[in-house]
Amino acid sequence: MTTDTDSESGQPALTIDELAARAGTTVRTVRFYGTKGLLPPPEIGARRVGHYGPEHLARLALIEELQHQGMTLAAIERYLHRLPPGLSHHDLAIHRAVVASWAPDTEETVTAGELRRRAGRQLDEGDVERLVAMDVVRPDGDGYRIDPGLLRLAVQLLDVPLSEKAILAARTVLIEHSRAAAHALSQLFRAEVAERTEQDVKSLSAHMQPLVVQALLTAFQRSLRQEVHQWLAGPQEDGSS
């Protein structure tokens with residue numbers, strides 16, 4: 001049981017044992033990453049106990065994703081050291097989403113225990129049912145079929161006060177618009193590489209994919225912030241008129 005609260009997020013601060021359990025790793029690994037500078041040091045609380053927050057958990061998830069992409073520890077160190085300082089756990093989650101997008105679509109069959117380990121948190125039966133309703137997790141015999149790239153995102157949605165109907169509707173909107181953007185960009189790039197060799201096209205695609213995904217995420221974040229500001233400003237403007 002946690003004994004403190006993260007001052008910025010309001011979420012319970014974690015001991016190193018709790019952090020390792022939530023991240024699906026070991027205390028030894030967490031300490032190793034700390035000595036390598038991949039994790040910032042914990043805040044020292046009462047009785048000299050180190051407390052970890054959402055940023056530590058998000059960094060561990062990012063490291064895990066980089067490992068899934070086949071990056072060596074040295075490459076992961078370089079990647080993390082190039083990140084801007086002071087990133088929030090939301091920013092780190094976006095970086096992880098970008099990294100996950102580099103991988104081809106894959107599905108895996110996992111046990112119930114592995115599903116909970118991959119989720120990085122405790123899941124009750126209601127949580128699993130919601131993940132199934134989101135079509136991220138599908139029962140498969142005694143186990144589950146999962147999309148590793150979407151699982152962590154869907155788990156975060158479990159804490160969002162939205163109905164499953166609203167989440168599925170939002171997913172439909174995002175898929176439709178992302179496909180439209182992908183088609184338009186594909187047509188644009190196709191015109192640019194029409195005279196190039198197949199190998200050149202594949203090389204260009206490999207280099208452009210993470211850049212395009214990052215650009216789309218950045219553009220979407222800015223557009224969403226503008227929409228939220230206008231939404232929140234609306235009632236005030238109406239009341240002043």
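Begin by selecting Asp140, which belongs to strand β4, residues 137-140. The model on the screen is a predicted one. Asp140 counts as partly exposed, since its relative accessibility is 35%. Which residues does Asp140 touch, once those up to four places away in sequence are set aside? They are Thr109 and Arg145.

Next, select Glu129, located in helix α7, which spans residues 125-133. Glu129 is exposed, at 55% relative accessibility. From its C-alpha atom to that of Pro139, a residue ten places away along the chain, the separation is 9.9 Å.

**The whole chain**

Zoom out and colour the chain by secondary structure. Ten helices and five strands are present. Of the 241 residues, 31% are buried. The chain exposes about 15600 Å², and carbon and sulfur atoms supply 56% of that area. Consider also the contacts between residues at least 6 apart in sequence: 60% of them join residues at least 24 apart.

**Colouring by confidence**

The mean for the chain is 78, and 82% of the residues reach 70 or more. Which elements have the lowest and the highest mean pLDDT? The lowest, 69, is found in α10, and the highest, 94, in helix α2, residues 27-35. Then select residues 5-10, where the pLDDT is below 50; this stretch has twelve contacts in the model beyond near neighbours in sequence. Residues 237-241 also have a pLDDT below 50, but here the number of such contacts is zero. Where pLDDT is low, the predicted coordinates should not be read in detail.

Keep Leu62 selected and show its surroundings. Apart from neighbours within four places in sequence, Leu62 is in contact with Tyr79, Leu80, Leu83, Leu92, His95, Arg96 and Val99.

**A histidine in helix α3**

Select His56, which is part of helix α3, residues 54-68. Is His56 buried or exposed? His56 is buried, because its relative accessible area of 8% is under the 20% cut-off. Beyond residues up to four places away in sequence, His56 touches Leu19, Leu39, Pro40, Pro41 and Pro42.

**The salt bridges**

Side chains of opposite charge can pair when their charged atoms come close. The structure holds two salt bridges. For one of them, select Lys36 and Glu77, whose side chains meet at 3.7 Å, N to O. Why does this pair tie together separate parts of the chain? Lys36 is in the loop between α2 and β1 (43-44), whereas Glu77 is in helix α4, so the pair links parts that are 41 residues apart in sequence. Lys36 is partly exposed, at 33% relative accessibility, while Glu77 is buried, with a relative accessible area of 18%.

Now select Glu125 and Arg116, whose side chains also form a salt bridge, at 3.6 Å, N to O. Glu125 is exposed, with a relative accessible area of 53%, and Arg116 is partly exposed, at 22% relative accessibility.

Which helix supplies the largest share of the patch? Helix α10, residues 198-240, supplies five residues. Leu174 is placed in helix α9, residues 164-192.

Terms used. Residues are numbered from 1 along each chain as its sequence is written. This is a predicted model: local features need pLDDT of at least 70, side-chain atom pairs count only at pLDDT 80 or more; totals for chains, interfaces and linings use all residues. Side-chain values use heavy atoms; hydrogens and water are left out. Helices (H or I, at least four residues) and strands (E, at least two) are DSSP runs, numbered from the N terminus. Buried means under 20% relative accessible area, exposed over 50%, partly exposed in between (1.4 Å probe, protein chains only). Contact means heavy atoms within 4.5 Å. pLDDT is the predictor's confidence in each residue, from 0 to 100. Accessible areas come from the Shrake-Rupley method with a 1.4 Å probe; for residues, only the protein chains shown count as cover. A salt bridge is a side-chain nitrogen of Lys or Arg within 4 Å of a carboxyl oxygen of Asp or Glu.
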